[in-house]
Amino acid sequence: MDERTNDLEAARRAVWRLSGTNLAKPLIPLVVGMIVLGLWQGLTQYDHVSPIVLPSPLAIAHALVNHWQQLLFASWTTLSITLAAFVLAVIGGVALAVLFSLSRLLEHALYPYAIVLQVTPVIAIAPIITIWIGYDRIDLVLLVLAWIVAFFPILANTTLGLRSADHNLIDLMRLYGANRWQILTRLQLPTALPFLVSAMKVSGGLALIGTVVAEFAAGTGTATGLAWTITLATRNLQMAEAFAALALLSLLGIALFFSLSALEWLLLRRWHESALKKPQ
Amino acid sequence: MIQFVCYSYNLGESGDVTTMPLLRLHRIAKTYDGGLAAIRRLELDVERGDFVSLIGPSGCGKSTALRIIAGLMAPSEGAVGFPEGRPGIGFVFQEPTLMPWRDALSNTALPLALRGVPGSEAQMRAREALRRVGLAGFEHSYPRALSGGMKMRVSIARALASAPRLLLMDEPFAALDELTRQQLNDDLLKLWREDGLTVIFVTHSVFESTYLSQKVVVMTPRPGRIFDEIRLTAPLERDETYRLSAEFSADATKVSRALKLAMQDGSEAAYHNHTSAMA
Ligand SMILES: Nc1ncnc2c1ncn2[C@@H]1O[C@H](COP(=O)(O)OP(=O)(O)OP(=O)(O)O)[C@@H](O)[C@H]1O
Ligand SMILES: [Mg+2]
């Protein structure tokens with residue numbers, strides 16, 4: 001009797017432990033995904049949902065295979081613009097934040113305009129930027145628009161991070177003869193790093209959204225990214241192709257997020273609390 | 001009051017003309033922006049090699065005074081003088097204030113790195129400083145992996161690494177448990193004796209100030225000024241036996257009583273009564 005309850009208890013613990021292990025963690029959402037896809041396939045196959053409303057997963061897979069060249073090219077376009085906008089946003093945001101930390105005057109003068117840029121919906125700026133830069137350089141238009149969206153979180157967080165440096169440490173460094181540059185590079189920038197990295201995770205996603213929105217808003221014919229693929233496909237009621245492009249967009253977003261999480265782990269694992277593993 | 005007068009007269013011992021003080025605070029006053037008077041008319045000589053504690057109620061301007069001595073802040077009035085030249089100064093705060101992205105060794109080497117000491121020599125000296133505070137073997141530990149007491153030791157090692165002549169400590173052990181604190185007190189005394197350092201040590205604890213100091217400086221409530229200076233005559237070598245001795249408790253009682261008087265009668269009138277009673 002005692003033994004049996006012990007066995008039961010042990011079994012329950014084993015299941016519980018398995019669900020908490022590293023192996024099971026990515027498996028759980030995968031299983032959920034499979035079930036949803038199965039239900040989706042069944043629904044579209046037997047319940048006569050029109051493929052124009054909802055194409056089946058298999059049809060989407062077909063579209064992926066059939067149009068792979070075009071889709072791959074579109075993915076590359078969207079990805080390259082997203083990455084370029086993101087990198088430029090990080091460079092620009094950090095550079096401006098450093099300038100702000102060196103000069104309060106500059107911060108007072110420019111920060112409000114950074115906010116204006118942030119709160120104005122990008123979709124409203126898109127036509128104007130398009131006219132300014134020109135339809136013949138639509139990639140540049142997309143880059144600028146995506147940059148505008150991705151830039152602000154970097155600027156805001158890095159500015160905050162640079163300002164969060166421990167005042168006692170600043171005093172200590174001054175006492176030991178540090179100059180402004182040493183305080184910036186040895187104290188303020190490392191302090192700002194966790195702030196910057198978490199802003200990068202937000203900003204990476206925003207760069208993708210910015211690119212997509214910009215493609216929708218500005219891309220009349222010359223843009224060739226995934227968003228434009230979706231626009232064209234839905235216009236022709238090729239829903240499977242539209243969903244294929246949509247799936248690729250999600251995939252890009254997920255890849256971006258995981259890459260940035262990995263970067264965060266690499267940069268902060270040795271010292272930052274956020275990377276500290278809980279003791280078992 | 002009579003008892004009080006009895007021990008106060010040895011204030012005059014700084015009249016010894018053969019030695020110049022290391023540090024001379026001349027009528028220091030500090031009023032912060034916004035008009036808050038933190039300290040007023042602070043007058044203090046610190047002899048070379050002395051161990052001086054500053055004790056006083058919270059907010060009386062002890063930290064302000066230390067920051068002014070360190071040159072991190074200018075006084076509103078008065079002057080900080082170093083008659084024989086400004087010595088190298090080390091500073092230890094109440095919190096360890098370490099850089100979490102640097103390991104213990106690299107944190108300790110910070111003052112040397114800032115001064116442009118070449119990497120290998122800086123490392124060697126930092127290693128030595130860590131050894132002296134009892135942290136040999138923890139050179140490559142990051143602050144988050146160290147206990148509160150160990151972090152404080154790194155902080156002291158960092159101050160030692162710069163080879164200061166004057167060590168300023170602002171309630172360095174206030175956040176530690178009693179045992180760790182006593183251990184660090186003993187270690188600090190040892191370092192002080194070995195290096196011939198001059199230490200100015202801010203604390204809230206009567207016992208800590210009595211145990212550590214050669215001289216206890218008692219401050220009044222804000223705006224702080226010096227209420228009394230108590231020279232302690234206990235031997236340099238202090239240990240557990242001293243902590244339990246009658247001499248220690250007598251000294252602690254003196255300090256405690258002066259502090260109580262300073263708290264109650266910090267007013268101008270009391271100050272004059274006190275000083276005239278001394279004369
Ligand atoms: N930067 C500042 N600006 C304005 N007022 C300040 C500033 N720093 C300290 N003060 C004020 O000056 C007074 C003295 O402060 P200080 O920190 O020197 O006191 P303290 O004796 O060290 O106190 P504690 O024992 O609590 O550490 C306090 O009333 C405090 O509020
Ligand atoms: Mg203080």
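This is a predicted model: local features need pLDDT of at least 70, side-chain atom pairs count only at pLDDT 80 or more; totals for chains, interfaces and linings use all residues.
Residues are numbered from 1 along each chain as its sequence is written, and side-chain values use heavy atoms, with hydrogens and water left out.

Where the chains touch (heavy atoms within 4.5 Å), chain A contributes 22 residues and chain B contributes 24 residues. The area buried between them, meaning the accessible area (1.4 Å probe) that the two parts lose on being put together, summed over both, is about 2,100 Å², and carbon and sulfur atoms give 63% of it. On the side of chain A, Leu175(A), Tyr176(A) and Trp271(A) lose the most area to chain B, together 35% of what that side buries.

Between chain A and chain B there is 1 salt bridge, a term for a side-chain nitrogen of Lys or Arg within 4 Å of a carboxyl oxygen of Asp or Glu; the side chains of Arg67(B) and Asp171(A) form it, at 2.4 Å from N to O.

Within chain B, strand S1 (residues 23–31) runs antiparallel to strand S2 (residues 37–46) and is joined to it by 6 bridges, strands being DSSP runs (E, at least two residues) numbered from the N terminus and pairing if DSSP finds at least two bridges between them. Thr31(B) has Ala37(B) as its bridge partner in S2(B), and in the hairpin, with 5 residues between the strands, Gly34(B) takes a positive phi near 100°. S1(B) also pairs in the antiparallel sense with strand S4 (residues 77–81) of chain B, over 4 bridges, where His26(B) has Ala79(B) as its bridge partner.

Conventions:
Chains are lettered from A and ligands numbered from 1 in the order in which they are written.
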